[in-house]
Amino acid sequence: GRASPIDGPQAWLRLAVGVVLSTIGGVGMWAVVVVLPAVQAEFGVDRADASLPYTATMVGFAVGNVLVGRAIDRYGYWFPALLASLALALGFGLAALSTSILQFTLVQGVLIGVGTSAIFGPLIADISHWFARRRGLAVTAAASGNYLAGALWPSVMPHIMAAEGWRVTYAVIATICLVTMVPLVLLLRRPSPLAEEKGAQASRPRRASPFSPSALQALLIVAGLGCCVAMSMPQVHIVAYCMDLGYGVAHGADMLAIMLAAGVISRIASGFLADRIGAEMTLFIGSALQALSLVLYIPFDGLASLYAVSLVFGLSQGGIVPCYAIIVRDHMPAHEAGQRVGMVMMATIFG
């Protein structure tokens, strides 16, 4: 018979397309943060109202991880991802035309938030079906697109905004999403090799779990919530913290960039590790290091030491979230992966 596509060239090609798709589509998570001050100024609202679009985007993204995840379990990846990509492009187009903060918030939540979710949990779940021996590496690589988007878009967008304003910037993003994401999704039309995967499982021994699937799911949701409350503290507050200490915005932004870049490195490294020692042990090591590095923020507030701690923090926390997806795939039915990974990702986003 034909060689199995699992772990084969087709799988690696799919992963490469997935990472590019995720780096482009990840703009849905980061764009609103960049345009927020300009939107706030234009609509004349206070900071609390101006932060609503970000909250709406995150809620849409969280719910989308479960809804799109369920859809890919039923229909395969490409069709739900195509609809999500079109929603994302439409969302940026409509947001560019919005006339009130309420309109802007609704479009961010319903179209951009839900639209961008297809490139996170659902993509990770889909990629996991194509790999057995190298699943850890593949899942962590697929999850890095989100970080790459965080490094790319916030550095590119201010240049367009300075020249043309936030509305043109959003219109440009809408066009880019439409002309790049649709062809990329269409490259992923081949159905996942779920049937053949059962044979490939033999090459990746299933680790027995002392928990039932529902108990394991509940534990992963609690862990996801906890790790991402911890993870978001430095990521969300480091810039403001640097301002409070008198170091200025630029140093804080540099620390955030270091955190995200180190996060990509630790994501990939933890994928290699998970393939060697298992996702559970990798998760334990990452979580312990994350807790330790958070403690280091308390005594150290000098400029050089904050850079060092931010680097350590980034290197510790990047691999934690993808490990949840690998554990789901190692212990739970493959045909429920989209929904189950989506539920854990939703918990991490709420965290």
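A: Happy to. In this predicted model, the axes of helix H7 (residues 121–128) and helix H16 (residues 337–350) come within 8 Å, and they cross at roughly 140 degrees.

Q: What does that make H7 and H16 to each other?
A: Oblique: angles over 145 degrees would count as roughly antiparallel, and H7 and H16 are therefore described as oblique to each other. Their crossing is right-handed.

Q: Which residues make the contact?
A: From H7 there are Gly121, Ile124 and Ala125, and from H16 there are Ala337, Gly338, Val341 and Met345. By class, the residues of the contact of H7 with H16 are 5 nonpolar, 2 polar and no charged.

Q: OK, on to H12 and H14. Parallel or antiparallel?
A: The axes of helix H12 (residues 249–277) and helix H14 (residues 303–317) cross at roughly 30 degrees and come within 7 Å. Angles under 35 degrees count as roughly parallel, and H12 and H14 are therefore roughly parallel to each other. This crossing of H12 and H14 is right-handed.

Q: And who makes that contact?
A: H12 brings His251, Asp254, Met255, Ile258, Met259, Ala262, Gly263, Ile265 and Ser266. H14 brings Leu303, Leu306, Tyr307, Ser310, Leu311, Phe313, Gly314, Leu315 and Gln317. Sorted by class, the contact of H12 with H14 has 11 nonpolar, 6 polar and 1 charged residues.

Q: Switching to H9: how far does helix H9 reach?
A: Helix H9 (residues 166–186) has 21 residues and reaches 30 Å from its first C-alpha to its last, close to the 30 Å expected at 1.5 Å a residue.

Q: Which residues of H9 are buried?
A: They are Trp166, Thr169, Tyr170, Ile173, Ala174, Cys177, Met181, Val182, Leu184 and Val185.

Q: What do those buried residues pack against?
A: The buried residues of H9 pack against helix H1 (9–25), H2, helix H5 (78–96), helix H6 (101–116) and helix H8 (135–164).

Q: How many residues of H15 are buried?
A: H15 is mostly covered, with 12 of its 12 residues buried. Among them are Arg329, Asp330 and His331, as well as Pro322 and Cys323.

Q: Now some single residues. What is Gln40 in contact with?
A: Leaving aside its neighbours within four places in sequence, Gln40 contacts Val45, Asp46, Arg47 and Ala50. Gln40 is found in helix H2 (residues 27–43) and counts as buried at 18% relative accessibility.

Q: And Leu294, which residues does it touch?
A: Not counting residues up to four places away in sequence, Leu294 touches Ala230, Pro234 and Phe313. Leu294 has its place in helix H13 (residues 279–296), and with a relative accessible area of 24% Leu294 is partly exposed. Leu294 and Gly113 are 181 residues apart in sequence and 29 Å apart in space, C-alpha to C-alpha.

Q: Last one: what is phi of Asp7 near?
A: Phi of Asp7 is near 65 degrees, a positive value in a residue other than glycine. For background, most residues other than glycine have a negative phi.

Q: Where does Asp7 lie?
A: Asp7 lies in the segment before H1. At 12% relative accessibility, Asp7 counts as buried.

Methods: Residues are numbered from 1 along each chain as its sequence is written. This is a predicted model: local features need pLDDT of at least 70, side-chain atom pairs count only at pLDDT 80 or more; totals for chains, interfaces and linings use all residues. Side-chain values use heavy atoms; hydrogens and water are left out. Axes are lines fitted to C-alpha atoms, for helices over the stretch in contact, and angles run from 0 to 180 degrees between N-to-C directions. Helices (H or I, at least four residues) and strands (E, at least two) are DSSP runs, numbered from the N terminus. Angles under 35 degrees count as roughly parallel, over 145 as roughly antiparallel, 65 to 115 as roughly perpendicular and the rest as oblique. A crossing is left-handed if the near helix is turned anticlockwise from the far one by less than a right angle, and right-handed if clockwise. Contact means heavy atoms within 4.5 Å. Ala, Val, Leu, Ile, Met, Phe, Trp, Tyr, Cys and Pro count as nonpolar, Asp, Glu, Lys and Arg as charged, and the others, Gly among them, as polar. Buried means under 20% relative accessible area, exposed over 50%, partly exposed in between (1.4 Å probe, protein chains only). The expected span of a helix is 1.5 Å times one less than its number of residues.
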